[in-house]
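Here is a short briefing on one protein chain. Keep the sequence and the 3D view open as you read.

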Amino acid sequence: MNLFQKNEFKETPFLPVSPEEVPPRPPSFPKKPSPKICGSNYPLSIVFIVVNEFCERFSYYGMKAVLTLYFLYFLHWSEDTSTSVYHAFSSLCYFTPILGAAIADSWLGKFKVLSMVGLSLIALGTGGIKPCVAAFGGDQFEEKHAEERTRYFSVFYLSINAGSLISTFVTPMLRGDVQCFGKDCYALAFGVPGLLMVIALVVFAMGSKIYRKPPPEGNIVTQVVKCIWFAISNRFKNRSADIPKREHWLDWAVEKYPRQLIMDVKALTRVLFLYIPLPMFWALLDQQGSRWTLQATRMNGNLGFFVLQPDQMQVLNPFLVLIFIPLFDLVIYPLVSKCGINFTSLRKMAVGMILACLAFAVAATVEIKINEMAPPQPDSQEIFLQVLNLADNEVKVTVLGDENNSLLAESIKSFQKMPHYSKLHLKTKSQNFHFQLKYHNLSVYTEHSVEEKKWYTLIIREDGKSISSMMVKDEENKTTNGMTAMRFVNTLHEEINISLGTDTSLGVEEDYGVSAYRTVQRGEYPAVPCKTKNEDFSLNLGLLDFGAAYLFVITNSTSQGPQAWKMEYIPANKMSIAWQLPQYALVTAGEVMFSVTGLEFSYSQAPSSMKSVLQAAWLLTVAVGNIIVLIVAQFSSLVQWAEFILFSCLLLVVCLIFSIMGHYYVPIKLEDIQGSADKQIPQIQGNMINLETKKTKL
């Protein structure tokens, strides 16, 4: 039977097959008057919501600020693994809002998601909080107080950045300045954000009785997906040449879904099409907490008036956001407008992408400079060797080859600090070297085995009236990662225990025993407690700087007691962390132009019923961007500066594509969407033969 007669298109009332497919809209929640703040039109309930958001954002950003270094230093993961897990977590946090929005709309409502799910678990909790809390605050206002509601969103955004600003600055201090079990106090760094989440829960629950709680209104996300799926499947089933085409592919859903919903989905899909290139921007922006933090570990955080920890540099982003938003809105955009330039929203987003490209180009330049200042690394079939003479007089050291030819000859004074390592070439991956040591009138021959790509120190010591030597493997420069590495040589005749932290000690055996390496935070160490079997004393280690490696020789040759002779054999990081400021400024300016403008543009181009879907899609682009970083970190074998250039070039290509898409995009007015829905979809000409519309009532 033909459902439509020739040259006739009957209006189809919207009658879903079952209540599960498109649930009816529930009655609106009672608009009871709520208490106001000090006689104003602002509901008292928003105080609890804003404080809750501040605490929740403090917890989230504070935990993320130290996450990469926690993976690197505490769990001893590689830089690539730390980066991958960091972005996998970030991606999960931006995928879960889709689940949170669906639960809030169709089942529990915004209030219950916040209190029952959102504040229980961080990873899943942020999915419950993100799509609900801002809208829940807006629900507290009556329609006649629209101006106050607009100001509330400004205060709400301020609370987000305030929480991020304070936590990103404070939690790295809790990690680095406090010692737990002799190491960085990650327990406190994670515990304080956890406490703030408890406070957020308590504060939010305190306002329970005065909240205006709208009931669930049906899951619009599910309706949109079902509408799109039905249109595609219906078109596929009715692809006969005898069936006339329709003006838009979504018009094939008219047999089942109301025209207003179809028109709203049409407007939504036009905006979602522009979302396709957006994940690449987030792939760059979110590397502030991973790759850029790792870059900061290879820089010097001493600014003269203040010492910055590597993970504290992230505080620049929320700080600059608070500066740039009014700067752009009140100064830059009006100036551009006065110059006669039509600076549309899409053009602002494209410029934001270009700024992010420039930020990563600057980051690559900084990375190249860091590598140039870093000590060279031994290649295949090479080693780096230095000699430490702990004897009481000068020693001439000669390294002999297989044919007794001299590979290296140096005269080294007692306790002479060597300016650099000497490079020796090997014939195989491992090799035995012969050494000739001339001390006074004695010649001592010794042999030591070495392996390629390693750093070694040949320690010469007195052995009665003669001398002997031992070969020790040194710390590689790349493993210090901004921390300070140290080891001790004990020339005393009894074992020493050195307390480098509150709950741990480092034991060094007697008679030229060599300790294991220990890493500590940068800082002054004027009195490090030490003890032997017979006495307690302290050692002045002085300043231990970022990225340096030190060797301390403990001697007792003066009347002042044991002393520490200090040698820096891997120099401290030379490049100041302040050189990261330009890349942070560029990427934050790009974020303000891209993120704030993009969300505003999206909202202006989508009907009111599609706001939650749009919010979920926007957060989904952030999740996909983090997945891009995860893939590159795991499967790219590029050096770091080349990886930065890769991301910069990829975003530049994406920016070009986005600009072309934006050039052909025609902005629409929401009244056009509303008005067109009232019109009948153009009549479909011709016979509709065997048009299949299964599970549809007309």
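A salt bridge here is a side-chain nitrogen of Lys or Arg within 4 Å of a carboxyl oxygen of Asp or Glu. Glu372 and Lys369 form such a salt bridge, with their closest N and O atoms 3.7 Å apart. The model is predicted.

**The chain as a whole**

- The chain has 698 residues, and 52% of them are buried.
- Its secondary structure comprises 18 helices and 21 strands.
- Take the contacts between residues at least 6 apart in sequence: 71% of them join residues at least 24 apart.
- The accessible surface comes to about 32,600 Å². Carbon and sulfur atoms account for 59% of that surface.

**Salt bridges: the pair in helix α14**

- By the 4 Å rule, the count of salt bridges comes to ten.
- Where do Glu372 and Lys369 sit relative to each other in helix α14? They are three residues apart in this helix (residues 345–373), so about one helical turn separates them.
- Glu372 is exposed, with a relative accessible area of 55%.
- Lys369 has 39% relative accessibility. Exposed requires over 50% and buried requires under 20%, so Lys369 counts as partly exposed at 39%.

- Asp251 and Lys266 meet through their side chains in a salt bridge, at 2.7 Å from N to O.
- Asp251 and Lys266 are both buried.
- Arg291 and Glu643 also meet in a salt bridge, at 3.0 Å from N to O.
- Arg291 and Glu643 are 352 residues apart and link distant parts of the chain. Arg291 belongs to helix α12 (residues 291–296), and Glu643 belongs to helix α17 (residues 640–663).
- Are Arg291 and Glu643 buried or exposed? Both residues are buried.

**Salt bridges: a network**

- Salt bridges link Glu79, Arg298 and Glu367 in a network.

- Pro172 is placed in helix α7, which spans residues 146–177.
- Its relative accessible area is 0%. Buried means under 20%, so Pro172 counts as buried at 0%.
- Which residues does Pro172 touch, leaving aside those up to four places away in sequence? They are Ala65, Val66, Ser167, Asp311 and Gln312.
- Pro172 and Leu69 are 103 residues apart along the chain, and 9.7 Å separates their C-alpha atoms.

**A nonpolar patch on the surface**

- Phe95, Val624, Ile627, Ile631 and Phe635 form a nonpolar surface patch. Together they have about 450 Å² of accessible area.
- Which helix gives the most to the nonpolar patch? Helix α16 (residues 611–635) does, with four residues.
- Val624 is found in helix α16. It has 31% relative accessibility and counts as partly exposed.

Notes
Residues numbered from 1 in each chain as written. Predicted model: local features only at pLDDT ≥ 70, side-chain atom pairs only at ≥ 80, totals over all residues. Heavy atoms only, no water. Helix = DSSP H or I, 4+ residues; strand = E, 2+ residues; numbered from the N terminus. Buried < 20%, exposed > 50% of the residue type's maximum accessible area, 1.4 Å probe, protein only. Contact = heavy atoms within 4.5 Å. Areas by Shrake-Rupley, 256 points an atom, 1.4 Å probe, with all protein chains shown as cover. Patch = residues over 30% accessible without salt bridge, like charges linked within 9 Å, V, L, I, M, F, W, Y side chains within 5 Å.
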